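Hello,

Here is the structure for your files. My notes on rings, surface and annotation follow below it.

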Amino acid sequence: MTEKFMPFVTELDFATGKLNPEGHVITRNLSHMKDMYYDQEAVRQLLGQNPLIYVVYNVVVPETAAHIQHCVTILYPGKVGNEYFMTKGHYHEVLDRAEIYFCLKGKGQLLMQTQDGAFASIDMVPGSVAYVAPEWAHRTVNTGDEPFVFFAAYPGDAGHNYGDIETEGFAKLSVEQNGEAVLVDNPRYGKAGK
Ligand code: PAN
Ligand code: ZN
C-alpha cells in the first residue's frame with residue numbers, strides 16, 4: 001500500500017508576504033533577467049548594484065497532477081529606465097494548465113498573452129483574484145512604490161517554460177509616463193526577441 005500524503009499548513013505573514021516554513025526560495029536579481037528589459041543602457045547602469053527584483057516562496061509538494069503547487073511572490077518596487085520591475089514571465093510547460101493569482105499587498109499588473117498573438121492585462125490590488133486561463137503566458141509588474149505581493153496556486157504538473165518568453169518577449173511593456181503606468185507596444189516583440 002502506498003503511504004498517505006499527510007495534510008499540512010503553511011503560515012503566510014500578511015505584513016511581509018513571507019511563508020513559514022519558507023519552502024523552496026527563488027530570488028531574481030536584475031542579472032538573472034537583464035536581457036528582458038528594453039532600455040539596455042539603463043540595465044548597464046544598474047547592474048553594478050544588481051537590485052533584487054523578486055523573491056518567490058514555494059511550498060514544496062510533489063509535481064504531479066494530483067497536487068496543487070502554491071507560492072507567494074514578493075515583487076519589489078523599482079524601474080529599469082522607465083520600465084517597471086517585473087517577473088520573467090512564462091508559459092506553463094504543460095500549456096493548458098491554468099493558475100490563480102490572489103493579490104495581498106501593493107499594486108501591479110498581470111500581463112498575459114497567447115502563442116497566437118492575443119494579449120490581456122489585469123490591474124491587481126489587494127483582494128483581486130485573477131484567473132490565468134489555460135494556454136496564457138503570464139508576467140507581473142509592480143506599478144506601485146511598495147512591494148507587490150500575491151499568492152498563486154496551479155496544478156502540480158504544470159511546469160514552467162521560460163524559453164519561449166525569452167525568445168519572443170511580451171507584446172507590451174509596462175512603463176511610467178508622467179507618473180502613470182501605461183502599456184506601450186514592445187518594439188522588439190517577436191523580432192530579435194526579449
Ligand atoms: C508564479 C511565478 C512567480 C515568478 O508563481 O512563478 O510569480 O514569476 P516567474 O516564474 O515568471 O519568474 C507562477 O506563475 N507560477 O506558475
Ligand atoms: Zn505560472
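A search of the whole structure, a predicted model, finds 3 aromatic pairs. Rings of Phe, Tyr and Trp (its six-membered ring) pair if their centres lie within 6.5 Å; planes under 30 degrees apart count as stacked, over 60 as edge-to-face and the rest as tilted. Phe 148 and Phe 150 make a tilted pair, at 5.3 Å centre to centre and 40° between the planes. Both Phe 148 and Phe 150 are buried (under 20% relative accessible area; exposed is over 50%, partly exposed in between; 1.4 Å probe, protein chains only). Ring pairs join Tyr 101 to Phe 148 and Phe 150 in a cluster.

Lys 88 has its charged end over the ring of Tyr 162, 5.3 Å from the centre (NZ of Lys or CZ of Arg within 6 Å of the ring centre and within 35 degrees of the ring normal).

Now the surface. Ile 100, Phe 102, Val 129 and Tyr 131 form a nonpolar patch of about 390 Å² accessible area together (residues with over 30% relative accessible area and no salt bridge, nonpolar side chains joined within 5 Å; Shrake-Rupley, 1.4 Å probe; a salt bridge is a Lys or Arg side-chain nitrogen within 4 Å of an Asp or Glu carboxyl oxygen). Strands (DSSP E runs, at least two residues, numbered from the N terminus) β9 (99–105) and β12 (129–132) each give two or more residues to the patch. Phe 102 is in β9 and is partly exposed, at 33%.

Local features need pLDDT of at least 70, and side-chain atom pairs pLDDT 80 or more; totals for chains, interfaces and linings use all residues. Residues are numbered from 1 along each chain as written, chains are lettered from A and ligands numbered from 1 in written order, and side-chain values use heavy atoms, without hydrogens or water.

Best wishes

Note on methods
Patch = residues over 30% accessible without salt bridge, like charges linked within 9 Å, V, L, I, M, F, W, Y side chains within 5 Å. Helix = DSSP H or I, 4+ residues; strand = E, 2+ residues; numbered from the N terminus.
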